[in-house]
Amino acid sequence: MDILSLMDMKQEPADGENRLFAALAVLLKAPDKKKSFKRVEDSLRIKISEANHTLGYENLAQSVDPLIQQCGPLPESNTRDTAWDFSCVTLSILFELKKILKDGALLSVQQKTHLRAAAQFLSALGVSPLLQPGVGIPLESRCNAPITFPKNDIKKLSYLLRAILCLMQNKNTDIYSVFTANLMLDILAGLFQLSHEDNSFKLETSKFIKSTHQPTVMKHLLILLKPNPKCPKWFVQTTTSYLNKCLMSPGGVISTIRAMHDVQSEHDVLEKYAKTARIILQPDFARNAEYYKKLCPQVIYLLSSGNEEYKKVASEIVQGLHLKNAEFCHEGLFIPICQVFKQDFGDLEGCLILDQEQETKISSSIELLILLISHSKISPDVLSRHFKDICAFYLATRKTGGTPALRCRTKDLLSQVIVQAEEASIWHTISTLPEDCLESLSEDSAVAQAMFSNFLKRFSTVDDLQEKMLLVSLLSSLAGLPSVQEEFMKKPSNQLINLLKVLLEGESAEILDLALMLLLSIISHSEANLRKCQKLLPAVQKLRTSKHISEETKILVEQTFTIIATYGAVSGDVLLVEEKLKEMFKEKKKIEEIKPQKPQQAGPAKLSFKESLEEAADEEIPVKGHGYLSLTKLIRNKDQYSKEKAAELFQLAVSGMEHDDSYVYLAAVGMMSALILENLALLPKLAENYNKQELSLPLRNRIGEALLQVCKNLGEVAGSQRQILLNVYLSGAKDANPTHRASSLSNLGEACKVLGYRVSSDLQEILLCAQSLSTSDPDMHVRRAAALLLALLLQGLGKQAVNTLGSSSLEVYRTMKQLAQSSDETLRLQAQLALEELNRGIKESIFKPRPMEKHIYITSAPPI
């Protein structure tokens, strides 16, 4: 280029930039279809000549050396090489552009298109033909032109790569971004080839890989590793070595996941997690122990992240690592996660106090363990060494220790372990948990069934008499649960029948009672069960002659023998059996639900309205309670007589609510709520009785319970009756009796939870009532109920709590903050619950989730 042209470019950068891009456009334009060329080289020569003319060069290819001094001396070429001259001209123009373009300069779409085309030509005519066969992506898959360089020309390949890397030094230019997107495969392949042939390139190769965006590098390394029969062995080893180095670097696992996300096509989406895990776990474990030590913290980080894709890949990694080396997986992953439970919680009776940092760490560990058990296929038996510590923590917090969310998630973790665990040490620990703790866990039907099944298995293997008695007690309490009855009693397995045979031959009275209880429950379900239990008849007959059993047990034995021997045709003395079973199950069940009946016998006919009234007037408590239950069913089924006798049924329900026995008054409360739901006109009449001083306190409280049931059953429709429901409870909160005040506040809170934002018209009165009573009422129960009212109110308002409360939010916060410092544990807990609801409402109203958007480009290419 002449001196005048260079001066023009310096004085007018914009004009010089335009001239350079014009030269690129001329150099890279498609061949003229009107002209015919015998060879592609002839077309390239014409383009080079036109580019020289555009920039004022005589021969731009010969002027490349002084322009690219950083790249070393220009390799000598003994033959006229059109492709080489074309590459040199392209590099010359790009280096001039690099001098002119400023950092962060914005280029037009057309200019970026020229840069992209220049990169592609440098790949097809420059770097790719110089690569050995099988190295990189084959040229024939990208270009059909038969243009090649002489093979194994290290000098030319070295020169080209140094020039390209020099152009990419500044990451703030579009040249860098375009070359990274279009030349990365050739750059990596060329660097690996030069490193193999010349050791001086190894340092430059490592430096380039470290300085480039790691997910981009790993994506192209994975592409280079795709199966190719012509690929040299040394190239695979070199590429794998650099891939492993990237994996071992900080954040290498995340970079691999991002790379795999870009590499894999859409139809591989269901398998990409497993494929990514296999690539990460590819290094041999014995030879790469240090790699796996660095891998474990990254896996824990992925599990703790909020990204679902990271979590799923991490779960696959844990599963694969466990298969490779279970002991190392335990040391590297489960020990660090469970370390927070390795402390002496002492006998805190469920009142462990945790600071915020401790609670955050333990919550994180619990979430990780739940994730690993639920998402990966690893058995929870891996927690056998830590299960005692986890149970100790649960016992230390299950009442008031920590937040309710933490206690709930700890219970979820124990439930998942119980459902899937088979390790004996885990089940030994479970059997030693307090009875109320096991009752709480068995509320989940899957947990109850798993406990019953495993306790039965353990019973047949345990020799210690004391442990056997403990298992008998646990099995007795579990056997009465509906979920256990449904799973084990309706269709008993042969294993259970054989176990019953062993139990019937035992000498302990407790074991014998358990066996008879289970057997009676089984044979009461179906005729098929009776046939299965025929093999137990000899063992039962032997017990009839035994002199070592009590009279009550003998009655059960006779009853069982009679039912089995006669295939249920004769049932014996049913009432005595019912009482014995009722005592064993320790459940308040109706006699009809547990009575051994003749198989396939039709159920009792429904009572008529008249018969139900007669039963409700009976003096016997079971009959009276059943009468109220029958009337409730008739009301819900919209019986014609119940509609006509609504006023009479109202008085009957009030009379039943005055009864002393819980079986009767609870049935009457249910009947009253059903009656009100069918006749809302009776709601004001019932509400009037709630605050009448002449009525007894128990009756008033039961009326309040009936009103609350009406509110809950109305659901969304309860807003139409909110004035009646809210006013009656607000009036009750001013009652002279502290018990009635506390009951009213509690009921008011439950009603506010159902009504939600519909309480806004009475919000200030409710807040004033709750705040004043929670701080000044002389009775502790009333103060607790007032704090609970605030918590339930905030829970009902949900996301709109802060907006609905408005300026009152600060006053509520101060009140609850004051109560949270109270010496009373229950009051403190209720205040903490209210504060948590308020904090949640503030976070949800301020930090709204940002919508996820995806831009789809159809008629134009996406920006680089």
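Visitor: What are the ground rules?

Guide: This is a predicted model, where local features need pLDDT of at least 70, side-chain atom pairs count only at pLDDT 80 or more, and totals for chains, interfaces and linings use all residues. Residues are numbered from 1 along each chain as its sequence is written, and side-chain values use heavy atoms, with hydrogens and water left out.

Visitor: How many helices and strands does the protein chain have?

Guide: The count is 45 helices and 0 strands.

Visitor: Why is A718 called buried?

Guide: Buried means under 20% relative accessible area, exposed over 50%, and partly exposed in between (1.4 Å probe, protein chains only). A718 has 0%, so A718 is buried. A718 sits in the loop between helix 38 (697-714) and helix 39 (722-732). Across the whole chain of 864 residues, 49% count as buried.

Visitor: What does A718 touch, leaving aside neighbours within four places in sequence?

Guide: C711, L725 and L755, where contact means heavy atoms within 4.5 Å. L755 is 37 residues from A718 along the chain, with 6.7 Å between their C-alpha atoms.

Visitor: Why is Q449 called partly exposed?

Guide: Its relative accessible area is 22%, so Q449 gets the in-between label. Q449 belongs to helix 22 (residues 445-461). Not counting residues up to four places away, Q449 touches S483, V484, E487 and F488.

Visitor: What makes the pairing of Q449 and S483 a polar contact?

Guide: The rule wants a pair of N or O atoms within 3.5 Å; within protein, one must be able to donate a hydrogen and the other to accept it, and residues adjacent in sequence count only if both atoms are side-chain atoms. Here the backbone oxygen of S483 is 3.2 Å from a polar side-chain atom of Q449.

Visitor: At what angle do helix 41 and helix 42 pack?

Guide: About 145°, for helix 41 (residues 763-776) and helix 42 (residues 780-797), with axes 7 Å apart. Axes are lines fitted to C-alpha atoms over the stretch in contact, and angles run from 0 to 180 degrees between N-to-C directions. Residues making the contact include L763 and I766 of helix 41 and V782 and R783 of helix 42.

Technical notes: Helices (H or I, at least four residues) and strands (E, at least two) are DSSP runs, numbered from the N terminus.
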